[in-house]
Amino acid sequence: MNIGDAALASGVSAKMIRHYEEIGLIPKASRTDAGYRTYNERDIHLLRFIRQSRLLGFSMKQIAELIGLWLDQSRPSSKVKQLALTHIGELDDKIRELQAMKATLEKLACHCHGDARPDCPILEGLAQQTL
């Protein structure tokens, strides 16, 4: 199938498919005599794997490692689990950061009258070195 069909079948845009190929995340596509990329079911399966990994927030480096583990039938599942647990820790850190951001913004918004007055605790808080 061509790149447009591969994009529809995998849920990955044609632009991202080209990008993944450029950075070496996926192998170079086969080409027709006219130079058009062609993809098979294995390629689509790999693109879906990448898409799902991205939806779970894995980095490109982690996805490359996951692909290597996925393709290695003799790999120990402990390596996959460790990668997932590391990512869970990263997500926990990000959740804490986002919760702290939210709490700060809620505090600033609570102190803002939100009326016609020009003074605004939100802008004053953003202008401070530290919140």
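Reader: At what angle do helix H1 and helix H2 pack?
Author: This is a predicted model, in which local features need pLDDT of at least 70, side-chain atom pairs count only at pLDDT 80 or more, and totals for chains, interfaces and linings use all residues. Residues are numbered from 1 along each chain as its sequence is written, and side-chain values use heavy atoms, with hydrogens and water left out. Helix H1 covers residues 3-10 and helix H2 residues 14-22 (helices, H or I, are DSSP runs of at least four residues and strands, E, of at least two, numbered from the N terminus).

Reader: Are H1 and H2 roughly parallel or roughly perpendicular to each other?
Author: Axes are lines fitted to C-alpha atoms, for helices over the stretch in contact, and angles run from 0 to 180 degrees between N-to-C directions. Angles under 35 degrees count as roughly parallel, over 145 as roughly antiparallel, 65 to 115 as roughly perpendicular and the rest as oblique. H1 and H2 are therefore roughly perpendicular.

Reader: Which residues make the contact between H1 and H2?
Author: Contact means heavy atoms within 4.5 Å. From H2 come Ala14, Ile17 and Arg18, and from H1 come Ile3, Ala6, Ala7 and Ser10.

Reader: Is Arg37 buried or exposed?
Author: Arg37 lies in strand E2, residues 37-38. Its side chain makes a polar contact with that of Glu21 at 3.2 Å (N or O atoms within 3.5 Å; within protein, one must be able to donate a hydrogen and the other to accept it, and residues adjacent in sequence count only if both atoms are side-chain atoms). Buried means under 20% relative accessible area, exposed over 50%, partly exposed in between, with a 1.4 Å probe and protein chains only. Because its relative accessibility is 18%, Arg37 counts as buried.

Reader: Which backbone oxygen does the side chain of His87 reach?
Author: His87 sits in helix H5, residues 77-111, and is buried because its relative accessible area is 5%. Leaving aside neighbours within four places in sequence, His87 is in contact with Leu56, Gly57, Phe58 and Gln62. At 2.8 Å, the His87 side chain reaches the backbone oxygen of Leu56.

Reader: How many disulfides are there by the distance rule?
Author: A disulfide is a pair of cysteine sulfur atoms within 2.5 Å. The sulfur of Cys120 has its closest cysteine sulfur in Cys112, at 3.8 Å, which is too far for a bond. Cys120 counts as buried because its relative accessibility is 17%, and Cys112 as partly exposed because the value there is 22%. The number of disulfides is 0.
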